[in-house]
Amino acid sequence: MKRLLLSLILLLSLLVSVAAAGEALSNPRTMKFPELSFQIPQAERVVLDCGMPVYLLRDTELPIINMTAMVRVGSVYEPAAKSGLSGIAGVVMRSGGAGGVTAEAMDDELEFMASGVESGIGIDMGTVSLTSLKKNFSRTLQIFSHVLLSPDFNEKRLEIARRQTVESLRRQNDDPKEIADREISRAIYAGHPLADIPTFASVGAISRQDLVDFHRRFYRLDNMILSVSGDFDRTELLKELNSTFIAGKSRSALTLPEIPQPKQLFRSVLLYGKKDINQSVIRMGHLGLNKNNPDIYAVRLLDYILGGSFTSRLTMEIRTNRGLAYNVGSHFDIGRRFTGSFVAETETKAESTIKAINLMKSIIAGVTKEPVSDAELNAAREYMINSFMFSFTTPASIVSQRARLEYYGYPDGYLERYRDNIAKVTKADILEAARKHLKPDAFKLVVIGDAAKFDQPLATLGAVRELDLRLDIPKP
Amino acid sequence: MKRILFIITLLALCTTGIHAATLEEKVVEHTMKNGMKLLLVERHTSPTVSAWIRFRVGSVDERSDERGIAHLLEHMLFKGTTTLGTRDYSAEKPLLDKIEEVALALTAEKVQRAKADPAKIASLEKQLATLEAEASKLVIKDEFFELYSKNGGTGYNAFTSRDGTTYLISLPSNKLELWAAIESDRLQNAVLREFYTERSVVMEERRRSYDADPESKLWETFLASSFLAHPYGQPTIGWMSDIENLTRSKAEHFFHSYYAPNNAVVAIVGDIDTRSTIALVERYFGTIKPGKNLPPVTAVEPKQSGERRIELIAEAEPTVMIGFHKPAIATPDDYVFDVISMILGSGRTSRFYKKLVIEKQIASDIGAFDAPGSRYPNLFVVSADPRAPHTVKEVEDAVQEELELLKTTPVAQRDLQRILNQIEYEEARRMGTNGGLARNLTEYEATTGSWRYMTEHRGRIASVTPADIQRVAAIYFTRENRSVGFITKKEGNK
């Protein structure tokens, strides 16, 4: 292993590789390369007077500053009866004016400066981001802090956001791929808050006070991490941040509700949605694992070999050899706070639907039966180690990555040890991980398409439950 | 007023000067003897490099019997060369020849449709399958991908548009020679093996991207109906019957006609040494002979003289697209359209957003852009989703009201200044990634004739006056020049 890493730690410009014209051309299969120096870029961690951690990386290439606040909040904290609350809150924090500045005035001022402040709330994280030319940073920072900490939640703008959400619900069954992606996720997380999706009723039940309460509960200085990159002066920046984010009068200690992990129920389900289309959308999978599982490195390699690259088994067989699909693959989404998932996907013409499903299941089952080949392991390992540096190509991605590691509680040295951990994985580890984390017989399977045109009846795969794609649309 | 305008314009031009100099200084331009154009930018932020090759040939350059070939060829160029992707090309070659012979006979029989002989088709299909299985044993599948990827390459991809075809990769910066070796080999010695399987893949791509997605299907129909004569109307991927009749022979003909160094623009951006990179590219590409220059498209779209309305009945909520014919990129009126599309469609302060989304709340989403290409006269398109219970018609009327307003009322200076400020920011931002910059450099070099379009753009925009906007609006935003495409939801559907 040491050797592998050593050959990567390196230095040298292209001068060596590029000799005088007339030199023989090299064969890509045996080509040797000059060494390259790559050290994982570091961001500085500073704690503001108010206690908030900030990751900093100064880079003066462009006269731009980027900043992000990551807030411990998420849709998992919203009551099912008000599903959609966090999404709407995230939008209206920005669209509804803040700090007494109306939405219209804020839009006008930001866009005139060509600055951006955006806010959103996902499953387990809220973000407010800032982009600005250096010269407009101070004013943009003020607006950023208002949006983050003192949004107005203008009633009229809430109503617009609600109507927009209702419109997107009306449109949620227009694209068959969108239906399949949603339904496989709901099937995998059934019974857990991660399976809840907004409905006309839940969106209708959200009040302005709900937004105010939700924001007040989570958006506090002791519940967020900041990251800043770009063309700033460190001393000035810290001074500005310290005078912007001031700890207020002490509030009750922050308590975040416990959200249970989804239950591991390996039980198959077959869902079918009827659409008048010439190509079927296929999704299959089940729960996966989270970042604390020691198998994650073996699983990442398995992922690449099975369905995560252009030369993966699924792509090679279903696309390259058989021409059955344009898009085919699989992915372990390694969970951070919650158990992740494994999903395999493809779209194939209606007449090859069952054939493709059976092929996919047997290819996936294949990795649980025999070890992968040396060539497969080497190709996956080399890709992961050699392309590692692409996680660090912009200052903004470097600082936000550091902040994210802290946010989700990754162990110290996670990035520093990553390549070693990948290099250590053996074929036996991959086989064991595949056996533990892949149960093709227990897949939830979603098929959207026109069953009358399938090559065989869907029922040959098991008991079919038909999805009701009619929307119970309330009268506007 | 005139004077204020003058000062603002001058200020804008000055700032342009400063930033343009930055990009101007950073780009090194090198034209090789065989006509290949190289654009290089050193950026040492990370030890990585992006390399993009754009060929000035796209689907607009196809004849009617080869629609879809530019895109299918792009897929085929991932299949290797006489030395890569094969175990033994001399053994493979005779098989490939036989495959093509059988495939041509099969294609000729199938095109008879109802009159075709089913027994003959079955027999040819069987022969083809046997030969393909035989040839497959000699293939090293996706070896380009394998080589790039084990060396840490990411984002290895390609895309075909109306105007051009681009091949891209990002690599650790010490591996650039791998790119030079593979790409120069591909340009000279490509072998279009596994053609007929890949043709099936492209049919699946068509089903996925157009047939089964109502909005994209409307888009395709809308564009096809907007151009009667000019090939901008034909879908880049080809109609299904086009794809069914594409052959390896047609793809090879297209390849040998147009893929030549004089039709290529290369951008290499990242952790490089400019001088030695030029030497590297010269060494690998310098000996390739130039080919013919690409002839311009001869068809000229006749002036439209009445509104065209295109309806798609689909299992989807209504959406609407409104298009107006307009001139090609880098023409005087095109710069005015750039201003118009920003005023109408860019950001929360844009007129469409403020009027249709916030004030009237009749649309949930609206945007304005140029399509489907830029080298030739194209369309200014407004695309919107009506918000129920509001209708396509209400959205159309509100859009038209905004277009009329452009004809009658001069745009405020502050609105023009906001646009210049946004372009200033964008000029800085777009230099922040290797891939993004390589993309812009190849795109504008190929479509406008010079990457300097990027550095001159803000100055051009600054010289657009409120009167220009009124004039252009009056000429182009007419009923005669308008096409409208919309989805009507299928009744009684589940």
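Reader: How many bridges pair S4(B) with S5(B), and are the strands parallel or antiparallel?
Author: S4(B) and S5(B) pair in the antiparallel sense, over five bridges. This is a predicted model, by the way.

Reader: Noted. What do S4(B) and S5(B) form, and how many residues sit between them?
Author: They form a hairpin, and four residues lie between the two strands.

Reader: Which residue in S5(B) stands opposite B:Thr160?
Author: That's B:Thr165 of S5(B).

Reader: Is S5(B) mostly covered or mostly open?
Author: Mostly covered: of the eight residues in S5(B), seven are buried.

Reader: And how does S5(B) pair with S3(B)?
Author: S3(B) and S5(B) also run in the antiparallel sense, with eight bridges between them. One spot to look at is B:Ala51, which stands opposite B:Ile169 in S5(B).

Reader: What about S3(B) with S6(B), how many bridges there?
Author: Seven bridges, again in the antiparallel sense, between strand S3 (residues 48–55) and strand S6 (residues 264–270) of chain B. B:Ser50 has B:Val269 of S6(B) opposite.

Reader: OK, zoom out. What's the strand order of the sheet in chain B?
Author: The order is S1-S2-S6-S3-S5-S4 (chain B), six strands in an open sheet with mixed pairing.

Reader: Which strands stand at the edges?
Author: Strand S1 (27–31) and strand S4 (154–160) of chain B. Each has a single partner strand, so one side of each lacks a neighbour in the sheet.

Reader: Switching to the contact between the chains. How many residues does each of chain A and chain B put in?
Author: Chain A puts in 70 residues and chain B puts in 69.

Reader: Which elements on the chain B side give two or more residues?
Author: On the side of chain B that touches chain A, they are helix H5 (143–150), strand S5 (165–172), helix H6 (176–189), helix H7 (195–211), helix H11 (274–285) and helix H15 (413–429) of chain B. H7(B) gives the most to that side, with nine residues.

Reader: What's the make-up of that side by class?
Author: The side of chain B that touches chain A has 24 charged, 23 nonpolar and 22 polar residues.

Reader: Now chain A. How is it divided into domains?
Author: Into domain 1 (44–244) and domain 2 (269–466). Taken over C-alpha atoms, the centres of domain 1 and domain 2 of chain A are separated by 30 Å.

Reader: How many residues are in the contact from each domain of chain A?
Author: Domain 1 of chain A gives 25 residues and domain 2 of chain A gives 27. On the domain 1 side, the elements that give two or more residues are strand S2 (53–58), strand S3 (64–71), helix H6 (176–188) and strand S6 (224–230) of chain A. The largest share of that side, nine residues, comes from H6(A).

Reader: And the classes on that domain 1 side?
Author: The side of domain 1 of chain A that touches domain 2 of chain A has 15 nonpolar, five polar and five charged residues.

Reader: Helix packing next. At what angle do H2 and H8 of chain A pack?
Author: About 85 degrees, with the axes of helix H2 (residues 85–95) and helix H8 (residues 208–218) of chain A 10 Å apart. That makes H2(A) roughly perpendicular to H8(A).

Reader: Which residues meet there, in H2(A) and H8(A)?
Author: From H2(A) you have A:Leu85, A:Ser86, A:Ile88, A:Ala89, A:Val92 and A:Met93, and they meet A:Asp210, A:Leu211, A:Phe214 and A:His215 in H8(A). By class, the contact of H2(A) with H8(A) has seven nonpolar, two polar and one charged residues.

Reader: What angle do you get for H13 and H15 of chain A?
Author: About 175 degrees for helix H13 (residues 374–386) and helix H15 (residues 414–424) of chain A, with their axes 10 Å apart. So H13(A) is roughly antiparallel to H15(A). The contact is made by A:Arg381, A:Met384 and A:Ile385 of H13(A) with A:Arg419, A:Ile422 and A:Ala423 of H15(A). Those residues divide into four nonpolar, two charged and no polar.

Reader: Last one: why does A:Leu415 count as partly exposed?
Author: Because A:Leu415 has 17 C-beta neighbours inside 10 Å. A:Leu415 is in helix H15 of chain A.

How values were computed:
Residues are numbered from 1 along each chain as its sequence is written. Chains are lettered from A and ligands numbered from 1 in the order in which they are written. This is a predicted model: local features need pLDDT of at least 70, side-chain atom pairs count only at pLDDT 80 or more; totals for chains, interfaces and linings use all residues. Axes are lines fitted to C-alpha atoms, for helices over the stretch in contact, and angles run from 0 to 180 degrees between N-to-C directions. Angles under 35 degrees count as roughly parallel, over 145 as roughly antiparallel, 65 to 115 as roughly perpendicular and the rest as oblique. Two residues are in contact if their C-beta atoms, placed from the backbone, lie within 7 Å. Ala, Val, Leu, Ile, Met, Phe, Trp, Tyr, Cys and Pro count as nonpolar, Asp, Glu, Lys and Arg as charged, and the others, Gly among them, as polar. A residue is buried if 20 or more other C-beta atoms lie within 10 Å of its own, exposed if 12 or fewer, and partly exposed in between; C-beta atoms are placed from the backbone. Two strands pair if DSSP finds at least two bridges between them. Domain bounds come from an automatic or database domain assignment.
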